[in-house]
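Subject: A structure for you to look at

Hi there,

I am passing on a structure that I have been looking through, and I hope you enjoy exploring it. Please open it first, and then read my notes below.

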Amino acid sequence: VIELDPTLLTIREVGDDLRSGRYTCTDLTAAVLERIDRIDPELNSYVTVTRVEALRQAAEATAELASGTDRGPLHGIPVAVKDIFSIRGVPTTAGSALLAGWQAADDAAAIQRLRTAGAVIVGTHTLHEFAYGPASTERSAFPPARNPWVRGHVPGGSSSGSAAAVASGLCFAALGSDTGGSVRKPAALCGVVGLKPTRGRISRAGMIPLSHTLDHVGILARTVEDCALVLGAVAGHDPGDEASVHAPVPDYRVSLRDGVEGLRLGVSPGWLDDQEGTHPEVVAACQAAVDCLVGCGARVVEIDHQALVAARDVNTLIVAAEAYALHEEPISSRPEAYGSTVRSRLREGAFLSAADYIKAQEARRRISNVVRAHLEDVDVIVSPTSPFPAEAFADVDWRSRYRSPSFTNAFNLSGLPALSVPCGFSSGGLPIGLQIAGRAFDEPTVLRVALTYEQQTSWHTRHPGFVV
Amino acid sequence: MPDPAARVEPATLDDVRVLGRRLGWELTEEEALALLPGVNRNLRMALEARSWIPAEPGLGSPAGSHVRSNDADSENAR
């Protein structure tokens, strides 16, 4: 194993090293596997480590590079995925005892794309049960992932293990799922970048669903550029996903460094106000981030946040109805296989009527139209990602989420792209994230704003103390 | 305006037990009690969501009959 600390490197930096022959893909994968062995017992970020297969893929990637075959930026890069994606020959649990022993026959579409891009898949990540469970310690079939910054705190969810692992250098990037913020919120709470692209941009085929009309595949990485590199590899049309869209996939690197001069940031004063239930330190960090972008040449345009606020309840209703429909049979025949909180949440969906659901979808359409109308007047909408930093496990009350503002839901309802970028730390040493959302398929502008901000700050260069 | 046809009375423990039985659930007392707050929260949210939908002339209740589940996708693809 080489002397290497992957937490200090980005995908681009590692790619340069691999191509210069400083070390091989096999060396790199072995180093990541060694870190997982050493650190993950403290984090529980992995469900399955695919050691043998990862080393086989890495050897193949090494041989290809040596013979002049270069599959692009992800060639030989160790990555992992939330344990909700099918991987041929590997158990997929979705964090639930219900799926114990189940293995998919084929790779999910996004996994196939990772393989084609030459990525090395080192394992599957812990998640909240069926991406719908609580962050608590005792109600799931698997132990919860821990926040690497303060291990007695939650990493956020539901892509909890993915965020913890990326932040800790236990992989360079991860795929998660995002139905109401499940990529962006853990990214914010663990101090990494989390992108939920436009619905239809990345295929969901082979991903265990929670809500057919709200689920998205998302990406977690340590930097904005790394996120762009992974997006370039996994985006594209797939007939296996009915939401997948025929839209050209640009090279997301091209405009990353174009700056924000003249761009309009949609900011709701109500969203940067601790009177609305957002933690004052989150408000301060996000306000400072907006000021920083203004200093780089962007300007602020105030937007109304009524539709954005209403999105939380509508998102909740649609997920409740669709998740119940998906689980209708097993929640009746094998209720004991679910954790008690997920069992309760799934059953709650049965009490919604068809009219409730259809009208929630109509409200969704109207809210989405308001959000799109905002984005005719501004280039991006900026807000906190999470209203507060990571809570201690002992303080988690999952029902309290319905009393707090949600900044992420509007972009699941509308399917518009949204990204969380680190923008500071609380006084307790916990990361804070800034959300940047944009127009449909305009990930390049979202990434560009995020990278401009990232370059002005050093948040992304910090690493949790215990993993360095 | 909330839809006057929507349910405005909160669900009761009996409602939970009755629907649970119909769906084949064997709810313990504790499970039925645990369900009630979430059920009523969802029903309140459903009522609130209707405030986004104007009344459809002649029907006296909010519109909603023209919804497709993939409306967001269609709009984004334009």
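Which residues in H7(A) meet which residues in H13(A)? Before I answer, please keep in mind that this is a predicted model.

**Two helices that pack against H13(A)**

On the H7(A) side, the residues are A:Val224, A:Glu225, A:Ala228 and A:Leu231. On the H13(A) side, they meet A:Glu443, A:Leu447, A:Ala450, A:Leu451 and A:Glu454. Sorted by class, the residues of this contact are 6 nonpolar and 3 charged, with no polar ones. To find the helices in your viewer, look for H7 at residues 224–234 of chain A and for H13 at residues 443–456 of chain A. The axes of H7(A) and H13(A) cross at roughly 155° and come within 9 Å. Angles over 145 degrees count as roughly antiparallel, so H7(A) is described that way relative to H13(A).

Helix H8 of chain A, residues 280–295, also packs with H13(A), but here the angle is about 100° and the axes are 10 Å apart. Because angles of 65 to 115 degrees count as roughly perpendicular, that is the word for H8(A) and H13(A). From H8(A), the contact uses A:Ala289, A:Cys292 and A:Leu293. H13(A) brings A:Val449, A:Thr452, A:Tyr453 and A:Gln456. This contact has 5 nonpolar and 2 polar residues, and no charged ones.

**Where chain A meets chain B**

Now for the contact between the chains. Chain A gives 45 residues to it and chain B gives 38 residues. About 3500 Å² of area is buried between chain A and chain B, and carbon and sulfur atoms account for 61% of that. Three residues, A:Arg347, A:Phe351 and A:Lys359, supply 23% of the area that chain A buries against chain B, more than any other three residues.

There are 4 salt bridges between chain A and chain B.

Which helices of chain A supply at least two residues each to the side that touches chain B? They are H9 (306–333), H10 (340–348) and H11 (354–377). H11(A) gives the largest share of that side, with 14 residues. By class, the side of chain A that touches chain B has 21 nonpolar, 11 polar and 13 charged residues.

Happy exploring!

Methods:
Residues are numbered from 1 along each chain as its sequence is written. Chains are lettered from A and ligands numbered from 1 in the order in which they are written. This is a predicted model: local features need pLDDT of at least 70, side-chain atom pairs count only at pLDDT 80 or more; totals for chains, interfaces and linings use all residues. Side-chain values use heavy atoms; hydrogens and water are left out. Contact means heavy atoms within 4.5 Å. Buried area is the accessible area (1.4 Å probe) that two parts lose on being put together, summed over both. A salt bridge is a side-chain nitrogen of Lys or Arg within 4 Å of a carboxyl oxygen of Asp or Glu. Helices (H or I, at least four residues) and strands (E, at least two) are DSSP runs, numbered from the N terminus. Ala, Val, Leu, Ile, Met, Phe, Trp, Tyr, Cys and Pro count as nonpolar, Asp, Glu, Lys and Arg as charged, and the others, Gly among them, as polar. Axes are lines fitted to C-alpha atoms, for helices over the stretch in contact, and angles run from 0 to 180 degrees between N-to-C directions. Angles under 35 degrees count as roughly parallel, over 145 as roughly antiparallel, 65 to 115 as roughly perpendicular and the rest as oblique.
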